[in-house]
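Trainee: I am new to this structure. Please show me how to read its features.

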Amino acid sequence: MDVFSLKLPEFFVDRADHMSKILLAAVVFCAVINRPYAAMAECANSSATNIAQLEYPRGQADSVVVDTGNAKKVVSFVKVGTLAIVEGDIVLGDARMLKDATRVEGAIRLFDGAPITDSSGMHPFGKVLKSVLSGPDRWLNGLIPFEIDPALTPDSVAAVRQAMAAWTKVTPVRFAERTFDLRSTYPDFVSFTTGEDANACLSDHIGRRGGRQSVRLVRGCGVGQIMHEIGHVIGLGHEQNREDRDQRVQIVMSNIPLQYEGQFEKYTSDYMDRGVYDFDSIMHYEANAFACDPSKPTIVPKGPLPANVRLGQRDHLSAGDIEAVKGIYK
Ligand SMILES: [Zn+2]
């Protein structure tokens, strides 16, 4: 039997910049997780370098406790370069700042459990952050201002524009280039920028964060990966983390390294599941995401997949993706 301990740091989270909201927590938490020896041995025998997908970057596991005001929530993350990453490709903040008990920008609000009811009369499908439906994470009129970092390669710029076009072609979402003259018109915007030292395609937030938020791209982040990251910007979470996922897929924990188990945490009160589980979603992980042994799956559908559906496709927006976003921004 292996025993793994997580020792969590004291920290303070300040989100007063745009939200006039402050989250404070100073908690030390210890978790002991027991796993069958056989499962750990299987992981130990395979190389961590197998985990190579750009949306599933490797890193060191850590966690923090977030105080949402009425509850404390343990948030597991993976350190990739300087960044704290949750769910593979969503940036929680600067990992050093988390550890140093100072400031976290923005994305911590992802875990704010403030109750937001779906009183808008909208009928979203899929998995949508509640605060995108009727709260502060919503893009006004579905308009997403953006900047493109001149440091991006021409190929990446072309891929960004194709990815935006894929969404605007089939949903009410629109993008507006935040030129110099429009800076004051669009204070909240997405910056498509370079990935720095994190070898991954990443999004800072789910929905509108307020101020600048980044989609971070490295060489290799193609149109499909960027469509996925834009899905986060619009307000979509990962399909396989829906609250109802256990009825549709089995998560094979024995093939997932211990430090990545947190990446498969189900969404609970922060999110809203609507419509049927969508195996074809561009927001779904592929079958062997985070696998110790990538020849074996970490996500196994319960029952046959619909015809021509492949988990983790990054080719197209599924009918469910389109309906979800139409439901948010119609
Ligand atoms: Zn993602």
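Mentor: We will take aromatic pairs, then charges over rings, then one histidine. Keep in mind that this is a predicted model.

Trainee: How many aromatic pairs does the structure hold?

Mentor: The structure holds 6 aromatic pairs. A pair of aromatic rings is described by the distance of the centres and the angle of the planes. Take Phe146 and Phe192: their centres lie 6.4 Å apart, with 70° between the planes. That pair is edge-to-face.

Trainee: Which parts does the pair of Phe146 and Phe192 tie together?

Mentor: Phe146 belongs to strand 10 (residues 143-148) and Phe192 to strand 12 (residues 189-194), so the pair ties together parts 46 residues apart in sequence. Phe146 is buried, at 4% relative accessible area. Phe192 is buried too, at 1%. Ring pairs also link Phe146, Phe175 and Phe192 into a cluster.

Trainee: What about Tyr285 and Phe290?

Mentor: That aromatic pair is tilted, with 5.8 Å centre to centre and 55° between the planes. Tyr285 and Phe290 are both buried.

Trainee: Where does Arg178 lie?

Mentor: Arg178 lies over the face of Phe189, 3.8 Å from the ring centre. Arg183 lies over the face of Phe180, at 3.8 Å from the ring centre.

Trainee: Is His284 buried or exposed?

Mentor: Buried counts as under 20% relative accessible area. His284 has 0% relative accessibility, so it counts as buried. His284 is found in the loop between strand 16 (271-274) and strand 17 (299-301).

Trainee: What does His284 touch?

Mentor: Leaving out residues up to four places away in sequence, its contacts include Glu239, Phe279, Leu311 and Arg314. Tyr277 is one of the residues touched. A polar contact of 2.7 Å joins the side chains of Tyr277 and His284.

Methods: Residues numbered from 1 in each chain as written. Predicted model: local features only at pLDDT ≥ 70, side-chain atom pairs only at ≥ 80, totals over all residues. Heavy atoms only, no water. Helix = DSSP H or I, 4+ residues; strand = E, 2+ residues; numbered from the N terminus. Buried < 20%, exposed > 50% of the residue type's maximum accessible area, 1.4 Å probe, protein only. Polar contact = N/O pair within 3.5 Å; in protein donor to acceptor, adjacent residues only side chain to side chain. Contact = heavy atoms within 4.5 Å. Phe/Tyr/Trp six-rings, centres within 6.5 Å; stacked < 30°, edge-to-face > 60°. Lys NZ or Arg CZ within 6 Å of the ring centre and 35° of its normal.
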